[in-house]
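Please open the model in your viewer and keep the sequence panel beside it. The tour below goes from one selection to the next and says what is found at each stop.

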Amino acid sequence: MDLVVVSNRVARAKANEPMTGGLAAALLPVVEKSGAIWVGSSGRVRDNVSKDSFAEIESLGAGALALLDLPAAHYGGYYEGFANSALWPALHSRTDLIKVSQDDYQSYREVNAFMARALMRFNKPSSAFWIQDYHFLTLGADMRELGVRNPLGFFLHTPWPSRRVIAGVPHHRDLVESMLAYDLIGFQTEDDCENFATYLQTELGLEVEGGLVSSHFGTSRIAVFPIGIDVDGFAAQAQRASSHPDVSRLRRSLHGERLAIGVDRVDYSKGLVNRISAFDRLFDIQPSLKRSVSLLQIATPSRGGIEAYSNLQDELSRQVTDVNGRHGEVDWTPIRYLSKGFSQTVLAGFYRAAQVGVVTPLHDGMNLVAKEYVAAQNPIDPGVLVLSKFAGAANELDAALLVNPHDIDGMARTLAVALSMPSTERRMRWEAMMTKLRAGTIHNWFAGFIDALEATRCSVGPSLLPSVVRPLRLASGPVLSGGRMRDPVHFAPRPMAN
Ligand code: G6P
């Protein structure tokens, strides 16, 4: 099988470059090894794009990276518009922030269709395509329209919200119907997968049984594939990074102070305002912690062209200045706030230097920072993870201190518990989390999805799927009246080549 992986943002194999997003950084090591072609945006736009407008095709490990210039006229409406001002807030249940226009939707469809045409260059009888994330919900349907009959997989890195929330996007029906062009649709958690199934049943009147749903495209499987990390690779990186100059500088600056760390893109889904408030409250309820603990918050600017993001950046700057002004001392800054990105290597070293990892999103698909923080710890003296129960990672990392990110007092109290946790308990919790991380690495995730994608086209029953794949089990519900049920048409099953 010749695998083509498609995502909006791609990563390059330079370990020292700052990483801007979970998806691209997570995919890099596995795509490199797999020999796949990874297709994504070059980050540049052009007026006269043609489907052959690949700016660069370069080698990437055993495979290749193919970067595409996107059409200038539609890029804004696609990326800042529909993808990040309509879909992103909806997927994170922030319906109050949904901004949508017909023009933006049109641009989203144009860019998806453009990508579909560009992908034809890599379409061979042996090709299988694996499309990533909410930027390309309709790409599969566009590819089918161009006559592609090869296996098409899709994985959503974000949450999938409840049906009433996604219905806040005016084009929801169009989008989800198009998604059924994918043979396999993967989600991070059971909740996401169930929300999607409920949508299919109630809004589209489709029957979902054993994770299978039929539409005029054929049969799609919906299933859960929690994304992981390269646990041992990351642990080794963290150990090596101890001697990195940036990590040494951080350690030297602490003078015996304990460190909590947060690493996030500046995004309203990450719960940053509540997190800073929780530290503010912590220093109020436990003044003895002043001068002995600080928070290093790395807040990488993100999607700055969108008002909700630039407003948040301003709000956070004001809030951090206020907290530091009230609690700080001439020789102690409670919140060390850095508006920039760091390389994976440096982050790994920072995680290991911090006694507490603070990952408190309001809603997050998975959150790989939580997993990386755990993997980076010194086994003899591990730190404590304080984790939002609304991050997908909380399903596996239930040995973390789980918090409600809306409960500022509760978070402050939990931070105090984390800072005083005895080493036996820290080790016990850390070992339990490492066992979970090792059971679901990024390598398992990648192989599990590909195996399941092959299986969808081979008529293989769920029992033959690898154990990492957990097909959704839903009771077969009645087909609701009022919804639009389409005649199921099945593709002829055919064996996949490897
Ligand atoms: C999340 C999304 C990714 C996205 C990343 C960074 O992880 O799921 O698809 O690439 O954020 O966002 P950006 O808009 O900078 O690509």
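Contact, in what follows, means heavy atoms within 4.5 Å. With that in mind, select leucine 139: leaving aside neighbours within four places in sequence, leucine 139 is in contact with Val6, Asn112, Met115, Ala116, Leu119, Ile131 and Tyr182. Please remember throughout that this is a predicted model.

**The whole chain**

Zoom out and colour by secondary structure, which comes to 16 helices and 17 strands. Of the 498 residues of the chain, 58% count as buried, and the accessible surface comes to about 19400 Å², of which 49% belongs to carbon and sulfur atoms. If you draw the contacts between residues at least 6 apart in sequence, 78% of them join residues at least 24 apart.

In soluble globular proteins, nonpolar side chains tend to be buried together. Here the largest nonpolar core holds 98 residues, and of these Leu119 and Leu139 touch the most other members.

**Helix 12**

Move on to helix 12 (residues 344-353), which is mostly covered, with ten of its ten residues buried. Among them are Gln344, Thr345 and Arg352, along with Leu347 and Phe350. Show the surrounding elements as well: the buried residues of helix 12 pack against helix 1 (22-34), helix 8 (231-241), helix 9 (245-254), strand 11 (258-265), strand 12 (293-300) and helix 13 (368-375).

**Glutamine 132**

Which side chain makes a polar contact with the side chain of glutamine 132? Select glutamine 132, whose place is in strand 5 (residues 127-132), and you will find the side chain of histidine 157 at 2.7 Å. Glutamine 132 has a relative accessible area of 0% and therefore counts as buried, the limit for that term being under 20%. Beyond four places in sequence, the residues that glutamine 132 touches include Val5, Val6, Leu23, Leu27, Phe154 and Trp445.

**Threonine 158**

Continue to threonine 158, in the loop between strand 6 (152-155) and helix 5 (163-166). Threonine 158 is also buried, because its relative accessible area is 3%. Not counting residues up to four places away in sequence, its contacts include Trp88, His92, Asp133, Tyr134, Asp192 and Gly365.

**The ligand**

Finally, select the ligand and show the twelve residues that surround it, of which the closest are Arg9, Tyr79, Asp133, His135 and Arg303. Helix 1 and helix 2 each supply at least two residues of this shell. Which distances separate polar side-chain atoms of arginine 9, tyrosine 79 and arginine 265 from an oxygen atom of the ligand? For arginine 9 the distance is 2.7 Å, for tyrosine 79 it is 2.4 Å, and for arginine 265 it is 3.4 Å. Taken alone the ligand exposes 370 Å², and the protein buries 92% of that.

Terms used: Residues are numbered from 1 along each chain as its sequence is written. This is a predicted model: local features need pLDDT of at least 70, side-chain atom pairs count only at pLDDT 80 or more; totals for chains, interfaces and linings use all residues. Side-chain values use heavy atoms; hydrogens and water are left out. Helices (H or I, at least four residues) and strands (E, at least two) are DSSP runs, numbered from the N terminus. Buried means under 20% relative accessible area, exposed over 50%, partly exposed in between (1.4 Å probe, protein chains only). A nonpolar core is a set of buried Ala, Val, Leu, Ile, Met, Phe, Trp, Tyr and Cys residues joined through side-chain atoms within 4.5 Å. A residue is near a molecule or strand if one of its heavy atoms lies within 4 Å of it. A polar contact is a pair of N or O atoms within 3.5 Å; within protein, one must be able to donate a hydrogen and the other to accept it, and residues adjacent in sequence count only if both atoms are side-chain atoms. Accessible areas come from the Shrake-Rupley method with a 1.4 Å probe; for residues, only the protein chains shown count as cover.
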